[in-house]
Structure formats: structure tokens, C-alpha cells
Amino acid sequence: MSYAAITGWGKCLPPAVLANSDFETLMDTTDEWITGRTGIKERRIAAAETSDMAAVAGRRALAAAGITPDDVDLVILATCTPDRLVPGAAAMVQEKIGAGSAGAVDVNAACSGFIYALVMGTALVRAGSADRVLVIGAEKLSTWIDLRDRSTAVLFGDGAGAVVLEPSDVPAGLMASELGSDGALADILTVKGSGTEALVDGTPGDTRIEMEGREVFKRAVTTMGDAAARVLAAAGLDLADVDLLVPHQANARIIDATARRLGLGEERVFTNIGSYGNTSAASIPIALTEAVEQGRIAPGSDIVLVAFGGGLTWAAGLLRWGERIEPVGESSAMLPSSTESGMELIRRRQRAREASWDG
């Protein structure tokens, strides 16, 4: 049997930081209130586009794998914040990294998107339809932040992460996975007016994140915990075999509750939400990359990935790490330069949004 091992990894975080103290000047909130309810201390705000961040993370993952863009057969980009609806942002990434012979496709499963994309890429490699697949999660969620709503505005940040999948005769990569969705609950986490609904009445839609926080919290904890348990069972493992849980970084309380539901101590849970906030489909590949960099992942580690997001979607996977934890090479890829601060970027976007509503 052929497996689809992760052989390269990389991340891209925009340099502009928006701290909780900045939000204190933008709305009625405090650092204590935000930190206590979410675990977030700061997040990154991108001046560049989603495809720019995805391309940088992708190039860094390719360098870590020791392959070139010409070696890539397919680019799968998980995002709910593409540069445009047409063409898909994956096509832009393909051009920006120079993978001229690769296919390219977007996947939108919101915060669960990276695991969805990883499952798809794994299936193609294991079937022999592709030898090297670049799987990326990238988001520019600051696009949808509305400063009038403190319950959602403080949660989200921008960034990208990527992995390379290649065939392996040694058991590595996804050993088991589960994908799910409940479309009846689509409206409890949504950006209305962002698609064909936008011009139904001839006016632009009110494109901003809307979320019923308590409902999302309740369903996220139960769904992620149960899905994680099922993929462990499908892989023939139990909780004692788990080396690390890498959950979607939505809220520190959700992460803690999910870990308790699974009976995992904090030493076996990776968390970086304090530095980046909720980066949706980008959160798991960013976390995976940092877990490798920090020595939290060893050759052969059994890692549980789990996510929950708009749709309502959920996804879980049992990932077995391969033999290599050191990158083959490094990339010098960087984002286009910008001098705007996180505060300046978010204020400019809010002014533009409010002008579009007034117009």
C-alpha cells in the first residue's frame, strides 16, 4: 500500500500585529475581557492578499521538502477568503510559485478546510493520480471583521500554512479521517451577502462575519471531541497512543474543553491561539509547522487533527508523521512590503466597508 507522507511544511504570518490593547481604542473592550474569553492576546493583519500569503507558505513548504515548483502536480488551497471568486485563488498561487504544470483548485469548508484539503490530497497520492500535492490553508479574515461587533471582531487574524504530500512505502500521513457537515445550521456562523446573494436587490451585501457564539461553542466541543475519538478508533489506536492534539485554533476555551473531553493533558495539546487568533483554514497548518519547529513532533508521532467551522462543517484525522523533522532547505520568499500597522489596516478596511454600506 502506498501512503501520502508530509515531507515539507511552511507558514506565512503577516508582520503587522493588532494587539488587544489596540482594540481598547477601537471599541468598548479590554485586554482582560478578550484574553479571558478567548485566550487571544494578538493577531496578524495582512496588507497582502490571501494568494500572496499562500504562495509564501507554499514556497517554504516546497523548500522544506527539497523539491521545486515544477515537481508539483496539484495545488489545493483551503480558504473562505479568496482574492476573487473567479478565478480561484489556487490558480493565482500556482502562478506565483511558478508551478506551471500543476493543477489548482480551491476548497471552502471554512475552518475545517485544511483537513478537507488534506484528505483530498492524500486520496489522490494514494490512488496514484498525483505524486506531489501542495496543500495550503490561507485566510485573510480581517476582510470580514466589523468593528461594530466586538464579539467577533476580536477573534480573527490572517495567515497561511502549507504542507507537501508525497508517496511513501512506510506508513505515514493520514491513517484515518472523518469529514462532516450539517447545513441546517449554516446561519449560526456565516458571511451573508458574500456570493450570489450580494446583488439580489441591486445593492452590495453586508459582508461581515456573523456568529451565534454560544451555539458554535457548544457544538464545536462535542463534535470535535467525538470526531477525534472516532478517527482514533478507525486507526486502531486509543488515547494513550496520541502524541499530540493539533486542534483548530478557534478559542482557548474550546480547545481546553475538547482536550478534557478526550482526557488529554496540556502537554499533549498544541496551542498558539494567543499569538494569532482564529485564522480559520490556516490555523492547523500554521500550528503543525510550529509544532515541528518547537520539537513537539518526532519521527513517527501520532497526531490528532480536528476542526470545526462554518457549514457547519467538521473534520478530524489521525496523522502519522514521517521520518524527517528537519527541513531539506529554506526559502527566501517574502510578502510584498508594507508600512501600515495592524491598526491602520483594520481602520482603513472599516472605513471602506462603512462607505460601501452608506453608498
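## Close-up views of cores, strands and charged pairs

View 1. Strands (E, at least two residues) and helices (H or I, at least four) are DSSP runs numbered from the N terminus. What you see is a predicted model, in which local features need pLDDT of at least 70 and side-chain atom pairs count only at pLDDT 80 or more, while totals for chains, interfaces and linings use all residues. Residues are numbered from 1 along each chain as its sequence is written, and side-chain values use heavy atoms, with hydrogens and water left out.

**View 2. Strand β12 pairs with β11 and with β13.** Two strands count as paired if DSSP finds at least two bridges between them. β11 and β12 run in the parallel sense over four bridges; look for V246 opposite L305 and P247 opposite V306. With β13, the pairing of β12 is antiparallel and spans eight bridges, and V304 has L318 as its bridge partner there. The strands β12 and β13 form a hairpin with three residues between them, and G311 in the turn has a positive phi of about 150°. β12 itself is mostly covered, with eight of its eight residues buried. D302, V304, V306 and F308 point one way from this strand, and I303, L305, A307 and G309 point the other way.

**View 3. The largest nonpolar core has 53 residues.** A nonpolar core is a set of buried Ala, Val, Leu, Ile, Met, Phe, Trp, Tyr and Cys residues joined through side-chain atoms within 4.5 Å. In soluble globular proteins, nonpolar side chains tend to be buried together. The residues with the most contacts inside this core are F23, L147, I209, L245, V304, F308 and I346. Two or more core residues come from each of β9 (189-191), α7 (213-234), α8 (252-262), β12 (302-309), β13 (313-320) and α11 (342-358). Helix α7 gives the most, with eight residues. If you centre on L147, you will find it touching F23, L26, M27, A153, I346 and Q350, not counting residues up to four places away in sequence. A second, separate core of 37 residues includes A78, I115, L244 and V292.

**View 4. I6 is buried in strand β1.** This strand covers residues 3-12, and I6 has a relative accessible area of 5%. Contact means heavy atoms within 4.5 Å. Leaving aside neighbours within four places in sequence, I6 is in contact with V163, V164, L165, L319 and W321.

**View 5. R349 is buried yet has no salt bridge.** A salt bridge is a side-chain nitrogen of Lys or Arg within 4 Å of a carboxyl oxygen of Asp or Glu. For charge, Lys and Arg count as positive and Asp and Glu as negative, while His and the chain ends are not counted. R349 sits in helix α11, and D158, the nearest side chain of opposite charge, is 4.2 Å away. What does the side chain of R349 make a polar contact with? One partner is the side chain of S142, at 2.5 Å. The backbone oxygen of A46 also lies 2.3 Å from a polar atom of the R349 side chain. A polar contact is a pair of N or O atoms within 3.5 Å; within protein, one must be able to donate a hydrogen and the other to accept it, and residues adjacent in sequence count only if both atoms are side-chain atoms.

**View 6. The structure holds 14 salt bridges.** Among them, K96 and D52 meet at 2.8 Å, N to O. K96 lies in helix α4 (residues 89-97) and D52 in helix α3 (residues 50-65), so this pair ties together parts that are 44 residues apart in sequence. K96 is partly exposed at 32% relative accessibility, whereas D52 is buried at 17%. R261 and D226 also meet in a salt bridge (3.2 Å, N to O); the pair links helix α8 to helix α7, 35 residues apart. E215 and K218 meet at 3.2 Å, N to O, and both lie in helix α7, three residues apart, about one turn of the helix. K11, E290 and E293 are linked in a network of salt bridges.

Notes:
Buried < 20%, exposed > 50% of the residue type's maximum accessible area, 1.4 Å probe, protein only.
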